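Open the structure in your viewer and keep the selection tool at hand. This tour moves from stop to stop.

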Amino acid sequence: MKLFLRLILIATVYFSSRAMGQIHQYQEAYRPQLHFSPGAHWINDPNGMVYIDGSYHLFFQYYPGGTTWGPMHWGHATSKDLVHWKELPIALYPDSLGYIFSGSAVVDSNNTSGFGKDGKYPLVAIFTHHDSKGEKAGTETFQNQSLAYSLDQGQSWTKYAGNPVLKNPGIRDFRDPKVMWYAEQKKWIMTLATKDHITFYSAPDLKNWKKESEFGLTVGAHGGVWECPDLFPLKLNGKTYWVLIVNLNPGGPNGGSATQYFVGHFDGHEFVPVDTRIRWIDYGPDEYAGVTWSNTGSRKLFLGWMSNWNYANEVPTEKWRNAMTIPRELQLRQSDSGILVTSMPAKELYKNAAGMAITLTNVKLNRHLDLSKYTGSLKNQYVLKVNFARIQDCSVHLVSESGDKLTIGFDKAKNRYYIDRTNAGIIDFHKGFAGRFYAPRLTSSKSADLTLVVDKSSIELFADGGLSVMTAIFFPKANLEKLILESQTEVTIQKLQITGLKSIWKN
């Protein structure tokens, strides 16, 4: 009997400790509570994002051997709601052809690839094989495009025996294939980053690729290498346009890496922009490698890596490094300066609300408004929405008891939004981390709306319906639980709403 009780006690302690370990695993300092991050180790670009049978699949650049960049694998996570994520075993490991760099995944519902079997259509991953030995040897052909397929909805993968399917013609940066089905011509289109421009390829079967055209040699931002492209259609007033996303490192609007885009037309062969102005999906310092999920119909959902190559290896986290942005929905809007892409939080975010939202109407902001009584218990996990009848100079301060302060604001004279993390906590790990970062206001409307998604160590700003977007990370010594609004003149807030959000990990 004593032995039996002892075994019961041991089992109770064991399973209790495991449960407590799981509870505390995602509670470390700076751990995002609203954003996907791996349980441990290094993460960068989102890869292979695809929706299939009720699940959103997120693959990602992953190094399981440490918390800085290393030999790349494809990590894997899934979600039913774009909010709660389940991290799964590594999907793709490096092999004799090289590391597994960025790419995409498609549902080959017509089995054009021939990988399907027994009535099952394949999920096909298209990725870059990066031969590090070839790179060190000084060759120009160390990046090539390869395939892997899954017949169990991404739970297990088989690499194609005929890899690589698209060999490098002699371009040092030849990577990050984003593939889509072009139904009008019954062919797959690959959008590939090739040095400082884009090359389009097509194939009927995902295996035999031919070059279609090039784009971008003389347009767009060229402060660094082009990476992680994406091509997809969106409608505006009943007319179809094509959006080409191109990530750039370095050369972003606030330094380092960032995501630019073009709006234009695509005929299955060439992309022609409607204008050649430089535009950015996100002006903040900490969104990069952003692309969209495939197989989501007319709805385009975007996700980016929430960091910057300037300091991603140096940020002061210990068990893991880096996270993803929240999923965002992209749409088109006509503006005075042309057709723009708007970006707003996916509506699913609000399904994770912690109780009823706090709503205030017709608020007079007379220099100083302290809203800390509403946010003190929310643990830096909430969405703040503010609608101004008439936009003026104003600022939002997130402040901790220890004095750390993050400021988000609008400068009317220069007509731009900003995020200032100069005093937001730990900043000395990289010389360029501290500072004030800017985004232009892209509408002439007198009224304005701001949406702020606040997490433990990040802020995402969506202004004017998502025309101006900024993402920034920060590392405070304590939670920034105080919320204070300020303005030099009296400002009327038509509506202010604070929605607390639950941690995505506790369930």
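The model is predicted, so local features need pLDDT of at least 70, side-chain atom pairs count only at pLDDT 80 or more, and totals for chains, interfaces and linings use all residues. Residues are numbered from 1 along each chain as its sequence is written, and side-chain values use heavy atoms, with hydrogens and water left out.

**Stop two: the rings**

Rings of Phe, Tyr and Trp (its six-membered ring) pair if their centres lie within 6.5 Å; planes under 30 degrees apart count as stacked, over 60 as edge-to-face and the rest as tilted. By this rule there are 34 aromatic pairs. The centres of Phe215 and Phe262 are 5.1 Å apart and their planes stand at 85 degrees, so this pair is edge-to-face. Phe215 is in strand E12 and Phe262 in strand E15 (residues 258–266), so the pair ties together parts 47 residues apart in sequence. Strands are DSSP runs of E, at least two residues, numbered from the N terminus.

Next, select Tyr26, Phe36, Tyr51, Tyr56, Phe60, Tyr62, Trp85, Trp293 and Trp505. Ring pairs link these residues into a cluster.

**Stop three: the sheet**

Now show E9-E10-E11-E12, an open sheet of 4 strands with antiparallel pairing (two strands pair if DSSP finds at least two bridges between them). Its edge strands are E9 (174–182) and E12 (210–215). Inspect E10 (residues 187–194) and E11 (residues 197–203): 7 bridges join them. Thr194 has His197 in E11 as its bridge partner.
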